[in-house]
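Hi,

Here is the structure I promised to pass on to you. Please have it open while you read, as my notes follow just below it.

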Amino acid sequence: MTQRLRILHLEDDPMDAELVLMALTAEGLDCEVQVVSRRDEFDKALQRGGMDLILADFALPAFDGMSALSMVRAKLPDLPFVFVSGKLGEEAAIESLKSGATDYVLKSRLSRLGPAVQRALTEATERAKQRQTEKALEVAYAEIEKRAEDYRNLFNSIRDVIVVADHNRTILHVNQPALIDTFGYSSEEVVEESSIILYANEDDFHSTGKEVFDVEGPVDGKLIELNFRRKGGEIFIGELYAMKRLDRHGVVTGNISIFRDISQRKKAEADLRESELRRYQLQLELVYAAEIQAKLLPRSYPNIPGFDVSARCLPAKQVGGDFYDWQQVTPTVFNLTLGDVMGKGMAAAMLMATVRAALHAVTLYNTPAQAVHLAEKALNEDLENSESFVTLFHAQLDSVTRTLSFVDCGHGYVFVRRATGAMETLSPRGLPLGVQEGEVYLEGRVQFEKGDVFVLYSDGLIDANPQLELTHEILAGQIRSEEGALETVDRLIALTRQPDPQPDDITVLVVRFSGD
């Protein structure tokens, strides 16, 4: 023994306790023995713990060995317990062993005590090892159970239906939640049945067999799109991933089928194709609409003696609500118009075409004020129904008198940059068309001098880049005396830096009086 043996000895006779210690020492046991004779002493010693062995007399005046054994087994079930008694009948000896005593030795035969203690300690050590082994096995078994449960939960959590089958395609295992969700069967209804019950027709069942399931040996898995049948008879389109089931050595042990209901995906794909087709058709219609709208704008600049006229319109979308126009009334008189329908896109473009057509019908033989009044009457119902309005600037230029008579219907984005560099705004200004029925529009007049530049534009010019804070004064300051009307138009549009996306339609019309 490399460590001192700690023994608790229940004995009321000091002489017997001494003889026991001598017998143990004679066997070469290095012992530290605590002798107690009363129940309370014994209990306190047990509470302190640290004992390797209990020796106990069977009968004491105020306490007994069997009670001591019961106390020990209740607290320390594996602690060796040996009775050392003067008298111990056969029945008492058997009862003590049944109650958990390790051994018993008669005081008259203390020569047996050393071997009995050695055997008791050896058995205690073996029991401790056995308990450790059992505990380790319990932990390992619990871990195995946990992993098995995790795998079962993982298997059952997969939303695709996984069918494990033997070589004959008889179903062995299947994940229940997915099975009932997809096919309507419980696992009990399909296990031990042929996989054919999941197919819509036998031909598909046999064709998948020829490709994968009936092939001997390993084969690459295949993804196949087929029709399948639910328990109620409903047929749906699905995907089947067919593969071989292999063990850890790569030996084929059966088949695995993974089923997925793709009917919703197919419907979504069909809806997407239809949506794409509609989008393409709409895009094509927008292209045609843009071409038509572009053709509604003047195709050439008017030839006005002494005047240079140019304009450009940039829709924010493929079509827009801005437009400009001019008409020759007489060889020396021309009508000039710029309109801006509220909003942008197709709705604004449709309304723009209506406004332009109404103006064309009335402007040729009427003064600007009369023409706008007639157009307002014609358009009022359409504008009211569409809950929209139009800002409009309509003018008539007389090249002989060098005067511009105009009506401003709520537009306001117009000024004259004089040859001297001064900037003049134009008035009067009325309400947009569609705001108030019966509005009386007053005419204004501008007299041109050589080098004067008339600039008319839509709000898209300043909305394109609000940080620049483009005003009449800033725009007028960008005009060069030596530039033609087209160069001026391009210069003003370039100020916006043409953002993408463009927030609104941009239209600019410039008239320069050269005096030639």
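What follows is a walk through the sheet, the helices, the cores and a few backbone details.

Please keep in mind that this is a predicted model.

I would start with the open sheet, in which five strands follow the order S12-S13-S14-S15-S18 with antiparallel pairing. Strand S12 (322-330) and strand S18 (444-447) are at the edges; each has a single partner strand, so one side of each is left without a neighbour in the sheet. On average, neighbouring strands here are turned by 20° against each other, direction ignored.

Within the sheet, strand S14 (residues 390-398) pairs with strand S15 (residues 403-409) over seven bridges, in the antiparallel sense. If you want a landmark in that pair, look for Gln396, which stands opposite Ser405 in S15.

Which strands does helix H10 touch? Helix H10 (residues 345-363) packs on the sheet against S12, strand S13 (333-341) and S14, and its direction makes about 15° with that of S12. Helix H11 (residues 368-385) lies across S14 and S15, and it runs at about 155° to S14.

**The cores**

In soluble globular proteins, nonpolar side chains tend to be buried together. In this model the largest nonpolar core has 47 residues. Those with the most contacts inside that core are Phe393, Leu404, Leu426, Leu433, Phe454, Leu509 and Val511. H10 gives the most to this core, with seven residues.

Phe42 leads on to helix H2 (residues 39-48), where Phe42, Ala45 and Leu46 are buried. These three cover an arc of only 100° around the axis, which puts them on the same side of H2. An α-helix has 3.6 residues a turn, so residues three or four places apart point the same way. On the other side of H2, Lys44, Gln47 and Arg48 are exposed. The buried residues of H2 pack against strand S1 (5-10), strand S2 (31-36), strand S3 (53-56) and helix H3 (65-75). After H2 comes Gly49, with a positive phi near 75°.

**His472**

His472 lies in helix H13, and at 17% relative accessibility it counts as buried. The side chain of His472 reaches the backbone oxygen of Gly412 at 3.5 Å. Apart from neighbours within four places in sequence, His472 is in contact with Gly412, Tyr413, Val414, Phe415, Met423, Thr425 and Tyr457.

**Backbone details to check**

Most residues other than glycine have a negative phi, and most peptide bonds are trans.

- Ser427 and Pro428 are joined by a cis peptide bond, with omega about 10°; Pro428 is in the loop between strand S17 (423-425) and S18.
- Arg169 has a positive phi, near 70°, and sits in the loop between strand S6 (161-165) and strand S7 (171-174). Is Arg169 buried or exposed? Its relative accessibility is 4%, so Arg169 counts as buried.
- Glu192 has a positive phi too, near 75°, in the loop between helix H7 (187-190) and helix H8 (202-213). At 58% relative accessibility, Glu192 counts as exposed.

Best wishes

Conventions: Residues numbered from 1 in each chain as written. Predicted model: local features only at pLDDT ≥ 70, side-chain atom pairs only at ≥ 80, totals over all residues. Heavy atoms only, no water. Pairing = 2+ DSSP bridges. Helix = DSSP H or I, 4+ residues; strand = E, 2+ residues; numbered from the N terminus. Axes fitted to C-alpha atoms, helices over the stretch in contact; angles between N-to-C directions. Contact = heavy atoms within 4.5 Å. Buried < 20%, exposed > 50% of the residue type's maximum accessible area, 1.4 Å probe, protein only. Polar contact = N/O pair within 3.5 Å; in protein donor to acceptor, adjacent residues only side chain to side chain. Arc of directions from axis to C-beta. Core = buried A, V, L, I, M, F, W, Y, C linked by side-chain atoms within 4.5 Å.
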